[in-house]
Protein chains: 4
Amino acid sequence: MPGVVLGPARYGKAGNRVVRVVREGRTHHLKDLEVSIALEGDLEETHTLGRNDKVLPTDTVRNTVYAFAREHGIASAEEFALLLARHFVAGQESIHRARVRIEEHLWERIEVPGAPTPDGEVADPPRHSFVRSGRETRIAQVTVDAEGCEVLAGLTGLTVLNTTASEFHGFVEDRYTTLRETTDRILATEVTALWRYADRLPGAGSGTGAGTGPDEGPAPDWDARWTAARDHLLAAFALTHSLSLQQTLYEMGGRVLTGVPGVAEIRLSLPNKHHVPFDLSPFGLENDHEVHVAGDDPHGLIEATVLREGATARIPPDLVNAL
Amino acid sequence: MPGVVLGPARYGKAGNRVVRVVREGRTHHLKDLEVSIALEGDLEETHTLGRNDKVLPTDTVRNTVYAFAREHGIASAEEFALLLARHFVAGQESIHRARVRIEEHLWERIEVPGAPTPDGEVADPPRHSFVRSGRETRIAQVTVDAEGCEVLAGLTGLTVLNTTASEFHGFVEDRYTTLRETTDRILATEVTALWRYADRLPGAGSGTGAGTGPDEGPAPDWDARWTAARDHLLAAFALTHSLSLQQTLYEMGGRVLTGVPGVAEIRLSLPNKHHVPFDLSPFGLENDHEVHVAGDDPHGLIEATVLREGATARIPPDLVNAL
Amino acid sequence: MPGVVLGPARYGKAGNRVVRVVREGRTHHLKDLEVSIALEGDLEETHTLGRNDKVLPTDTVRNTVYAFAREHGIASAEEFALLLARHFVAGQESIHRARVRIEEHLWERIEVPGAPTPDGEVADPPRHSFVRSGRETRIAQVTVDAEGCEVLAGLTGLTVLNTTASEFHGFVEDRYTTLRETTDRILATEVTALWRYADRLPGAGSGTGAGTGPDEGPAPDWDARWTAARDHLLAAFALTHSLSLQQTLYEMGGRVLTGVPGVAEIRLSLPNKHHVPFDLSPFGLENDHEVHVAGDDPHGLIEATVLREGATARIPPDLVNAL
Amino acid sequence: MPGVVLGPARYGKAGNRVVRVVREGRTHHLKDLEVSIALEGDLEETHTLGRNDKVLPTDTVRNTVYAFAREHGIASAEEFALLLARHFVAGQESIHRARVRIEEHLWERIEVPGAPTPDGEVADPPRHSFVRSGRETRIAQVTVDAEGCEVLAGLTGLTVLNTTASEFHGFVEDRYTTLRETTDRILATEVTALWRYADRLPGAGSGTGAGTGPDEGPAPDWDARWTAARDHLLAAFALTHSLSLQQTLYEMGGRVLTGVPGVAEIRLSLPNKHHVPFDLSPFGLENDHEVHVAGDDPHGLIEATVLREGATARIPPDLVNAL
């Protein structure tokens, strides 16, 4: 079409649900991932002419996810994402950048006492039974090009509430103000957080497509980092005496930055899930911070990036809204 | 309209989100309920003539929920539902039956170490911070009329998975059969369960509308029962070597019936969430129960009631699907 | 387990998405169904002993849906459901009853002008392009046993709103009343409706499993009936000057009963989606039925069955809530 | 916190559902909007010190939405968004940029014949009854700072399907390829589109906060533009003989750019909703493009921006994923 050109483009496969079981004798281990992959590169003629000779089909992308789970295992969501992203960039000349996002569903072992057997003995309890745990989803997102890679981690769906230690006053008033100041209110939010690691990891330039090489030093312990970050988010939420949700956000972000090695930047999106005391005065009843209405909409929405001094804010604000 | 008559009718208010905080010194307690109420009775002329003189508005129904949370507290979802249901039947002549269903959202305390204070001491950790826990929702449903009441309890959203100890073979084959027999597969489901208690509790006949009277003996410990039922569901799922999801269902139901005092009947709805080994043979790879595809649809759906001998199945099958 | 017995049970496959295309020259036709099947019968030993010799696997049930779409076509959702339900009961001795529920997704043809061709002609517009239409989902549910069958039809997700011609006053007041009477308000609801046809259609006793036989007279025009019922629901909602949502419900049901041949009974579930004038008085502004807040929860919920005189109410109330 | 700084931040109120009715005699008009507002500016001390003296509370933001609907009406989603955005920037020194996003729910009038009156006349049909229409949601997003403003428009949820005229072949093959080439397949997608208008509209610098001034020329006809864009998207989808979904995307974008005045750029996100012929060969049946399985996951995901030559791509890719 005359006067029309192609801008930024990407394509891939979203929603690949891969569940990997490792059997270690009677003890089984479980990883449950939803993998989404977006590829960028030389896509011009695919769009303008319908030529597919530079297109690795999304069906192949999907096959690769499952084959890699078998060939390389899943050490962690981050490690698996790195393997896949490097593979696509190293393996196809026309692909210049790959973004792999993984949502990890969390499970914990069902703990049961040993079952009595017919002959009166007690059998060992099973080690192959799991229950979905937590309401949050763990996120890992890796972007790789020839030169390097960026690793983000995070979570969605972590819902927290303080019944006190939250105030809100001293705010601007204008013609449309009706809100009253308060020194004691419920503060509740559903945390979406995404943080960026500062590690300098190799890109796909080496062409091996097979992950961190032997001379790169040990891979970071991504699982331990994620768990630490989650713990710090909860602790900061609980320990902050809040003068605004913005202040709580800053404390949460700051605590992850200072408490988890290797985090350069964190973006938080915190809906203010209002809990308002129900007006019981028509019924001659007091309501001293006791009975609240919870509702879904509308809600305040507080979003910010917190950074290590000297770091650059690289996490796109809208990316966090898209999780 | 000639030739047209009114059949069964009910009305009420759904989705009342009430969050109650009890402050016991520094230690706060939290109940988070979503209350839905349906009233039956003399509704004929409301429908046919638009007369509202026998209608307690749903807005009033909502106010009552919040006022009762203040006036009577929330000992448990079941107890609160009983209070409300008896109130509506006892309080309005035109209302003959009330059904109160409560979805309870579960929270647990955020455990944090004490925070250092500016003067070098360590403050006690806060006791007012909570995180939503579990993926399941607790259900209580109470139906009251003049003569008596029925108490159901249950849960939705409890997702469990066995990586082995599940077989499926020996089934009927016909022209459309392609499934192969297996002696080792993943078994996964998202449990919806609803059980009925056998307790004979008073209805609304006494007209007090204010709950269990003084000479009715102590109220059952609804919370302990619910926790025990959940534990038994998990244990039966984990301990059953399954020849079919139907068999697992029966074991789960049976274990609740025999393990939890006062349960007369339980209805279970278990979607069979298929996890199929991904076919890696085109890539020259084996796949020995390791890498699976998980998907949402279509799914098997297994539903049954399990009863104490002599009990009558009273839980409507469709009710469980509507949770 | 001693003292424990099996109650009502059913099993099947839910969520089978079948899209059938019929090519009539350049003009293509499209049916988009989601088929869910539940089978009842001799399931005792499957549950108690794990014996599967009377179990037609749900995988086979799924295959049958797709094979039947090819072998018998899809004349209408109701006709297709009848074919399938009769097949399962007639084909397997252990299956005594089959319920087939179909959600039909609606599409309409994209109407475009003819495209200019390179040689200056105008090509005929394509007849193979469709856009999903309507926000409602059409429902058909058929239950078949040896003796007969029951056909239900309906819809979910039909959202309607009157900006006036709705009043609500003269209601009961009690201690918890705060609602004010109104003679002019918005009335909005999202209609779920399910109606039962009175046709006496053969069950699966003949054993053919292949639908209505040659001497049964022509099949009803299920599509025309459904369209007529939807039109009557909309017309009754629009034309009723409402004194309560209950009255509107009765008018909607009555109009379907009297306007659509063969309908014996209809069940309606109408959430009262409140639209409340926003209080603009703090800003010195009037608000004469102009600016409203819409919200999702809580909502009133009005449900009733309307019947032809002499008919029996057979649609389970909870079934409609489960759609 | 030492070593920690604040990065990009914004806050506001999301999910304000405003329904405005205009009564023009018996004929009523309806606008149904969900308004979300995000404000940026001098938020440093709010985060780091908990000072709120530069914070306009989100409660006030909400009030303003409803008050403006009364004071200024809602000419179109875009016009209403411009009014609000300019107000916040012009009205508060500490607010430097405002983004107003509106999701518009679409309704159409219920057309009914006139109703017979008791005295034998036929009343005019009501003009105050509406039914939600279309499955798509209209989007408007306006960003305003002191210097200027950016207007985006778009839609989500427009689901389309071609039963033929779609091919896919000539693609890259690697070790993980199993997909077969095809010259005739179903192509289906759910369109999310967001386009940017090139109009140079004033920002909030004038300080009036009250929209386009008298000497700015007439406001663009935003509604007509949006309808034209939607029509072009549908037409391009229907008329393109597709060699890949990428090619179809490019045609859709190009047609909007060339067909709708004032569009500088468009971003499209097109999930490839796979419809695969069901393998009926085990049952001895052919399947000539007739019976397909539809499924939700995984899906291909094709995303690109199409631009007028010389324009700059400004729509953030992740923004479109967040709609």
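Modeller: Keep in mind that this is a predicted model. Let us begin with the interface of chain A and chain D.

Colleague: What makes Arg10(D) and Asp318(A) a salt bridge?

Modeller: The rule asks for a side-chain nitrogen of Lys or Arg within 4 Å of a carboxyl oxygen of Asp or Glu. For Arg10(D) and Asp318(A) the distance, N to O, is 3.4 Å. That value is within 4 Å, so the pair is called a salt bridge. Across the interface of chain A and chain D the rule finds 8 salt bridges.

Colleague: Which elements of chain A supply residues to the side that touches chain D?

Modeller: Those with at least two residues there include strand 1 (4-24), helix 2 (58-71), helix 5 (245-259) and strand 12 (299-308) of chain A. Strand 1 of chain A has the largest share, with 13 residues. By class, this side of chain A has 34 nonpolar, 30 polar and 18 charged residues.

Colleague: How many residues are in contact, and how much area is buried between chain A and chain D?

Modeller: The contact joins 82 residues of chain A and 82 residues of chain D. About 6900 Å² is buried between the two chains, with 56% of it on carbon and sulfur atoms. Of the area that chain A buries against chain D, 11% is supplied by Arg10(A), Tyr176(A) and Tyr250(A), more than by any other three residues.

Colleague: Why are strand 1 of chain A and strand 12 of chain D said to pair?

Modeller: Pairing needs at least two bridges between the strands. Strand 1 of chain A and strand 12 of chain D have 9 bridges, in the antiparallel sense, so they count as a pair. Within this pairing, Val5(A) stands opposite Leu307(D).

Colleague: What does the contact between chain D and chain C take from each chain?

Modeller: It takes 59 residues from chain D and 59 residues from chain C. The area buried there is about 5300 Å², and carbon and sulfur atoms give 61% of it. Arg70(D), Arg135(D) and Glu290(D) supply 14% of the area that chain D buries against chain C, more than any other three residues.

Colleague: Why is the link of Asp184(C) with Arg23(D) called a salt bridge?

Modeller: The closest N and O atoms of Asp184(C) and Arg23(D) are 3.0 Å apart. The limit is 4 Å, so the pair meets the rule. Between chain D and chain C the count is 6 salt bridges.

Colleague: Which element of chain D gives the most to the side that touches chain C?

Modeller: Helix 2 of chain D does, with 7 residues. This side of chain D has 32 nonpolar, 14 polar and 13 charged residues.

Colleague: How do you know that strand 7 of chain C and strand 5 of chain D pair?

Modeller: There are 3 bridges between these two strands, and at least two are needed, so they pair. The sense is antiparallel. Here Leu161(C) stands opposite Phe130(D).

Colleague: Let us turn to chain C itself. Why is Ala38(C) called buried?

Modeller: Buried means under 20% relative accessible area. Ala38(C) has 10%, so the label applies. Ala38(C) is found in strand 2 (residues 27-41) of chain C. Not counting residues up to four places away in sequence, Ala38(C) touches Arg10(C), Tyr11(C), Gly12(C), Arg97(C), Ala98(C) and Arg99(C).

Colleague: Why is strand 6 of chain C described as largely enclosed by the rest of the structure?

Modeller: Strand 6 (residues 137-144) of chain C is described that way because 8 of its 8 residues are buried. Both faces of strand 6 are covered. One side has Thr137(C), Ile139(C), Gln141(C) and Thr143(C), and the other has Arg138(C), Ala140(C), Val142(C) and Val144(C).

Colleague: What joins strand 6 of chain C to strand 3 and strand 7 of chain C?

Modeller: Strand 3 (residues 95-105) and strand 6 of chain C run antiparallel and are joined by 7 bridges. In that pairing Glu104(C) stands opposite Arg138(C). Strand 6 and strand 7 of chain C also run antiparallel, with 8 bridges. Each count reaches at least two, so strand 6 pairs with strand 3 and with strand 7. The bridge partner of Val144(C) in strand 7 is Cys149(C). Strand 6 and strand 7 form a hairpin with 4 residues between them.

Notes
Residues are numbered from 1 along each chain as its sequence is written. Chains are lettered from A and ligands numbered from 1 in the order in which they are written. This is a predicted model: local features need pLDDT of at least 70, side-chain atom pairs count only at pLDDT 80 or more; totals for chains, interfaces and linings use all residues. Side-chain values use heavy atoms; hydrogens and water are left out. Contact means heavy atoms within 4.5 Å. Buried area is the accessible area (1.4 Å probe) that two parts lose on being put together, summed over both. Ala, Val, Leu, Ile, Met, Phe, Trp, Tyr, Cys and Pro count as nonpolar, Asp, Glu, Lys and Arg as charged, and the others, Gly among them, as polar. Buried means under 20% relative accessible area, exposed over 50%, partly exposed in between (1.4 Å probe, protein chains only).
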